[in-house]
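This report describes a structure part by part for a reader who has not seen it before. Please look over the sequence and the structure before reading on.

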Amino acid sequence: MRSFKDHNPISVFVFYIFAIVPAMFCINPVLMCISLAGGVSFRLAKDGLGALKKMLPFFAFPLLGVILNPLFVHKGVTPLFILNNNPVTLEAVLFGLTLGAMICSTVIWFSSFNSIMTTDKLLYVFGSVSPKIALILSMTLRYIPLYGQQIKKVRQAQIVTGLYKEDNAIDKIRGGLRIMSVMVSWALENGIITADSMSARGYGAGRRSRFTIFGWRTADVALAVLCAALGVVTSVCMGIGHLAFEWYPEIVSPGMSAPAVTAYIAYALLCAIPTVLQIREEARWRSLQSEI
Amino acid sequence: MVRIKNENLRKTLRIVVPFVLIPAVVFAGVFVFKENMYAWITVACVILALILFYASFDKKIVGTRRMVIIAVMTALSVIGRAVFSVIPAFKPITSIVIITAIWIGPESGFLVGSLTAVISNFQFGQGPWTPFQMFAWGMIGLIAGYLGDPLRRSRIALAVYGAFSGIAYSMIMDIWTVLWYGEGFKWELYAAALATALPYTMGYAVSNVVFLLVLGRPFGEKLQRVKIKYGV
């Protein structure tokens with residue numbers, strides 16, 4: 001049993017696709033609540049109560065929706081009050097709230113996505129589509145810190161040779177441009193040397209193989225299949241139209257038909273997966289500790 | 001690793017994806033889902049287009065040297081975005097993409113543009129807008145590559161293309177802003193989004209012109225030198 005983030009990146013990626021996409025494009029308050037609850041509880045389980053403070057700014061989105069949407073949209077049959085000769089309607093307020101909740105939940109899911117899917121994991125996902133592009137990606141990621149160090153070296157060498165004595169802006173800008181010019185030449189030459197060294201070691205001579213530390217265990221496959229199945233059920237029910245709210249001119253709820261309930265349950269189960277795995281892992285860790 | 005070994009299957013896929021899959025996604029989106037799914041459909045189309053481009057480039061980039069130069073230019077433009085991130089809307093990415101495209105080739109321009117979007121978003125935040133940025137910068141590079149000859153010859157043409165691509169970038173990203181609002185594409189909303197983004201659009205256009213005029217020649221000379229010296 002491993003925690004959610006230690007599963008195969010492709011399984012984790014599949015989860016995020018199905019957790020985020022339906023939430024993002026079906027403006028249904030029930031789905032929004034499920035999505036928000038899932039995203040928030042996972043962050044709390046993963047990062048502790050401190051994460052609450054970090055997530056607080058995201059809750060400005062529902063607030064903004066409530067304020068901004070009625071200012072621009074005057075459709076709806078239930079006017080609450082009149083502002084500048086324009087009615088502020090209940091429908092517009094509620095739509096704004098739901099839309100804001102949707103943006104909020106998307107941002108919260110992405111915040112955990114960004115901390116879990118580190119660059120090496122994304123590289124693994126990309127690499128299964130195109131090995132050459134994955135190689136370019138990983139080289140680029142290596143070059144970024146390398147160039148930072150090289151810029152420092154060039155700068156120090158130039159200071160030692162007596163440049164940058166005067167303390168004025170023009171001198172600094174010219175110095176910056178000079179360093180940049182040096183860097184570009186050096187980066188290109190260095191790249192060519194890298195390329196030649198790669199060819200000399202046989203790159204491109206045969207079929208590409210690649211090294212990865214991520215394997216497929218039963219739990220990884222199970223996670224991917226489960227996420228895909230729950231996600232497809234949700235999407236299909238959504239597609240048949242049993243979840244679509246009508247907001248204007250009057251709110252018409254799709255009601256609790258069987259497909260709608262199925263979709264809610266499937267989506268709730270999907271959103272609960274990472275939190276459950278996280279809590280299980282932690283409970284297991286604690287019980288192992290106490291036995292020692 | 002997902003690799004399609006069968007040559008025929010690969011060829012079929014290359015035809016199936018653009019002519020069947022993308023229209024299928026559009027039609028399915030319009031007829032089955034009916035409302036509030038525009039953004040979904042667009043994201044799906046953009047991702048399909050990107051997969052298509054990447055799959056075709058995987059064969060086209062021949063030579064280790066060209067591949068490394070793409071990595072070098074991508075790293076430089078990612079660093080450029082980070083360095084200038086303090087000034088809003090003032091970033092050298094587009095100009096570096098254009099310079100790479102006109103000197104190395106359209107495919108390289110596309111790759112540098114789209115990879116810069118992915119990699120620099122590790123720092124600036126990934127989101128559903130990432131495929132759109134990839135597509136916008138990629139296309140700017142691809143078109144610059146096809147216009148390589150006139151852009152290499154005249155600095156004025158280069159500056160004009162830079163200004164144009166700044167505006168185009170903003171317009172592509174605003175389509176996304178409107179779709180994300182969830183009510184489908186409406187011209188009034190799009191006009192409003194364009195109007196509020198006007199300072200940014202101006203910033204993109206101006207910064208592209210400035211960077212292209214400042215960097216265009218020295219960068220070009222260096223790339224050409226490497227090209228002649230090493231025969232990339």
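## A loop residue in chain B

Phe84(B) is partly exposed, because 16 other C-beta atoms lie within 10 Å of its own; a residue counts as buried at 20 or more such atoms, exposed at 12 or fewer, and partly exposed in between, with C-beta atoms placed from the backbone. Phe84(B) sits in the loop between helix H3 (64–83) and H4 of chain B. Apart from neighbours within four places in sequence, Phe84(B) is in contact with Phe90(B), Lys91(B) and Pro92(B). Contact means that the C-beta atoms of two residues, placed from the backbone, lie within 7 Å.

## Basis of the description

The model is predicted: local features need pLDDT of at least 70 and side-chain atom pairs count only at pLDDT 80 or more, while totals for chains, interfaces and linings use all residues. Residues are numbered from 1 along each chain as its sequence is written, and chains are lettered from A and ligands numbered from 1 in the order in which they are written.

Helices (H or I, at least four residues) and strands (E, at least two) are DSSP runs, numbered from the N terminus.

## The two chains

Chain A contains ten helices and two strands. Their order from the N terminus is α-α-α-α-β-β-α-α-α-α-α-α. Chain A has 292 residues, of which 31% count as buried. Of its contacts between residues at least 6 apart in sequence, 72% join residues at least 24 apart.

Chain B has ten helices and zero strands, giving the pattern α-α-α-α-α-α-α-α-α-α along the sequence. Of its 232 residues, 42% count as buried. Among contacts in chain B with a separation of 6 or more, 70% are between residues 24 or more positions apart.

## Two helices of chain B

Helix H4 (residues 93–104) and helix H6 (residues 130–146) of chain B have axes that come within 8 Å and cross at roughly 35 degrees. Axes are lines fitted to C-alpha atoms, for helices over the stretch in contact, and angles run from 0 to 180 degrees between N-to-C directions. The crossing of H4(B) and H6(B) is right-handed; in such a crossing the near helix is turned clockwise from the far one by less than a right angle.

On the H4(B) side, the residues that meet H6(B) include Val97(B), Ile98(B) and Ala101(B), and on the H6(B) side they include Trp137(B), Ile140(B) and Ala144(B). The contact has eight nonpolar, four polar and no charged residues. Here Ala, Val, Leu, Ile, Met, Phe, Trp, Tyr, Cys and Pro count as nonpolar, Asp, Glu, Lys and Arg as charged, and the others, Gly among them, as polar.

Pro150(B) belongs to helix H7 (residues 148–153) of chain B. Pro150(B) is exposed, because 12 other C-beta atoms lie within 10 Å. Its C-alpha atom is 9.4 Å from that of Ile102(B), 48 residues away along the chain.

## Hairpin and helix in chain A

Strand S1 (residues 79–83) of chain A lies largely in the open, because zero of its five residues are buried. S1(A) runs antiparallel to strand S2 (residues 86–89) of chain A, joined by four bridges; strands pair if DSSP finds at least two bridges between them. Phe81(A) has Val88(A) as its bridge partner in S2(A). The two strands form a hairpin with two residues between them, and Asn84(A) in the turn has a positive phi of about 50 degrees.

Among the buried residues of H7(A) are Ile133(A), Leu137(A) and Tyr147(A). Just after H7(A), Gly162(A) has a positive phi of about 100 degrees.
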